[in-house]
Amino acid sequence: MGQKTLTLTLGPLQFNWSAEVFADFYARVADEAPVDRVVIGESVCSKRTPFYRDQIPAAIERLKRGGKSVVLASLALVTLERERRAARDLFKQTEHEVEIDDLTLMNWTRPEIPFAIGPLVNVYNEATLAFLAKCGAQRFCLPPELPFASVEVLAAAAAKYGASVEVWAYGRMPLAVSGRCYHARAHGLSKDSCLFVCAQDPDGLAVRTLDGADFLAINGVQTLSHKYCNLIRDVDQLAQAGVTGLRLSPHSGDFVAVARAFAEVAAKRIAPDEGFALLRQAVPEADFSNGFLFGACGAAPLVSA
Amino acid sequence: MSGQGKLELVCPAGTPAAFRAAIDAGAHTVYCGFNDETNARNFPGLNFSRAEMTESIKFAHRRGGKTLIAVNTFPRAGDLALWTNAVDDAARLGADAVILADIGLLDYASRRHPSLRLHLSVQAAAANADAIAFYARSFGVKRVVLPRVLTVQEIAAINRAIAVETEVFIFGGLCVMAEGRCSLSSYATGKSPNMNGACSPASHVDYHEEDGELVSRLGGFAIHRVAAGQAAPYPTLCKGCFQAGAYRGHVFEDPVSLDAASLIPQLAEAGVTALKIEGRQRSRAYTEAVVRSFRRALDAQAAGKPIPASELRGLTEGQQTTSGAYRKTWR
Amino acid sequence: MSIDRKIPRFPAAGAIALRFAPLVPVSLAGARLVKTLGRRHPGLFARLGEQAGKIFLIDPIDLPLVFRLAPRADGPRLEAFRRGSAGPWDARIGGPLAALLGMVHGVYDGDALFFSRDLVIEGDTGAVLALRNAIDNEEIDLAAEVAAQFGPLEFLASSPARHLAALVGGLSGVALTRAIREPAA
């Protein structure tokens, strides 16, 4: 026998890729990546949406044909009128599940319409999880900064409400969101006349300390970790704690290989160390960490379980 | 909503002495927290025991002032009692309101203490009318402290659309990121404002003189090199000096403080109820000077007179000030 | 508080005189002062918490001597040393005497002194913060503390202590006697 295989969720693309690259990426995911759910749409900056909006319906169609369940992403920081309208419209459609990444959308939820809570909503404890579950939340991707002890408690709490818990398992971790665009600032521009310079950096723009140490990555209004979260060797421990899903966040490079490595390890077809070696091969330049869950801090070197 | 009435001045206190200094200097309202992880300024040697809180609330009430107790970190999973006790004690000690950020804790407070006034902390980052409506409808929140990502025009639009009071920051340290949604500190140090109540905690800060420069490191990451004679900033990550592509400098924000004194008339016009001064971690000398200055400004505003020029630059980080996101060009 | 005021320096002549002064009486006076402070301000130690076990090097950079402070609840100590011979410490707080006294006395804001580089800290930053916050809350009036060392005869000493404080205050540039609090209008 085996325990139930973990669900793999592809998180929303965090970066500003061109429409062609966007379309190719989701086509390949639909056809080749062994993921179960795909969250698609803009969560970082609403100014990017017009560039690839037309590609989304076709991408969704193809993902469905590939057997994936499709979830619509929402914006992380909603301040403008048009962003509020877009948030409301997301909930008016009932065809697809919605992932809430800002509590603005809680104004439109109804208990009879299930939805998911994304990693940018502050679910730190069982009381918050319980409240949101009663509002209709069925799936929670937990904030990446949570330590393992919290994940255990929250997974147990979710089970009580028939909800499931997913953790951020791969990719640069979202650390902050701002009203200000740092990509624009680094190029001497302002947010309102940004020239979409964030498109130049498919995995974010590296931020180094004055000592030359790798530290962070900026992505428009968002700040990410330099390190890529990598929980592939912790999959067993997470499953035992009651975690039912792993979130893989899109990056450039061979993402299908990344998804395959996780899928093989989750299904116990290969050993965690083997999976780790596959990831190392797929993204040789990435610096990995599982520090938020198991180490002294989010930037801590990989800790073995 | 709200109106063009008198603006309420909400002032910080990290110690009972600063609390008294704030009231003496003209604060209408003082906000403070218990000496543990339940509030977002959980610094060594700071904050209030239950006995000190009791005395301080009485002191304020005798002088016609109000006390708000911040319980504005996010309770740790499996460890809710520390936070629910703080809310219970705030209610028992007669706080005029509690400032909360966590949904679970708001839910608890609204059910357990229906007559306790709830304010939504800036840590909840409710940045638009819909988010605010959710908190007002679900928990009966009476006031929202707005995150520092909004322009004055956006604040005015929010006030037109909601039925609760708004409070905005007018002076002091400036979060660059949406508050309560930032893990930069825990990425570098393992301690975060959301979980531990401390951003860039002193325990992880190291100051060093290197080649005539003051170098500050946080969790081992160099975040500043300041030449002799230059103003020094707090060792917070988002005010650090870094290299991003060809850009070398303050990638996120210069080490400046917020001073929106000149915008008081516009903020009043925008319908805000209360103006908040940041700085519970500062000394009572700071509290006294800043509160006195802003009380003078609010009295001038109420009397229809021009706002006196600010004299507080010497107290600010980097000795420079900005009006932050209130002006659109900041973005 | 005056905000943009430059921090005064201890007069050079006084500093030279101190260079040749014997340290024993200074240490004795220091020991007496912290003992009185500890007796009159027990809240100080509660606020310091675990940081009370740390050793602080108080370094008035315009004087030829430094002070080693061990703020233990069961017997706080303050000893004077020649610069460079104070032994190991956990945290160092350096700045002009006026800045240090002004901070204890509540006329200067510690963070503002740090921003303007008038105050330098090294070592255990958490311990320094705790000490600063603990002292700030005690509303210490140094003249009253000196007077209080005379115990029941305080009323006799009160006036001379204020004169002495005025003299030191005059030299260092910071008023060390406190005006009675005036309520806001």
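Buried area is the accessible area (1.4 Å probe) that two parts lose on being put together, summed over both. The model is predicted: local features need pLDDT of at least 70, side-chain atom pairs count only at pLDDT 80 or more, and totals for chains, interfaces and linings use all residues. Residues are numbered from 1 along each chain as its sequence is written.

**Exercise 1.** Determine how much area chain B and chain A bury between them, and which residues of chain B lose the most.

*Solution.* Begin with the total: chains B and A bury about 5,300 Å² between them. Of this area, 58% is on carbon and sulfur atoms. Next, turn to chain B, where Arg181(B), Tyr187(B) and Arg331(B) lose the most area to chain A, together 18% of what that side buries. Finally, consider contact (heavy atoms within 4.5 Å): 62 residues of chain B are in contact with 61 residues of chain A.

**Exercise 2.** State how many salt bridges there are between chain B and chain A, and describe one of them.

*Solution.* Apply the criterion, a side-chain nitrogen of Lys or Arg within 4 Å of a carboxyl oxygen of Asp or Glu. The count is six salt bridges. One of them joins the side chains of Asp211(A) and Arg217(B) at 2.9 Å, N to O.

Definitions and conventions
Chains lettered and ligands numbered in written order. Heavy atoms only, no water.
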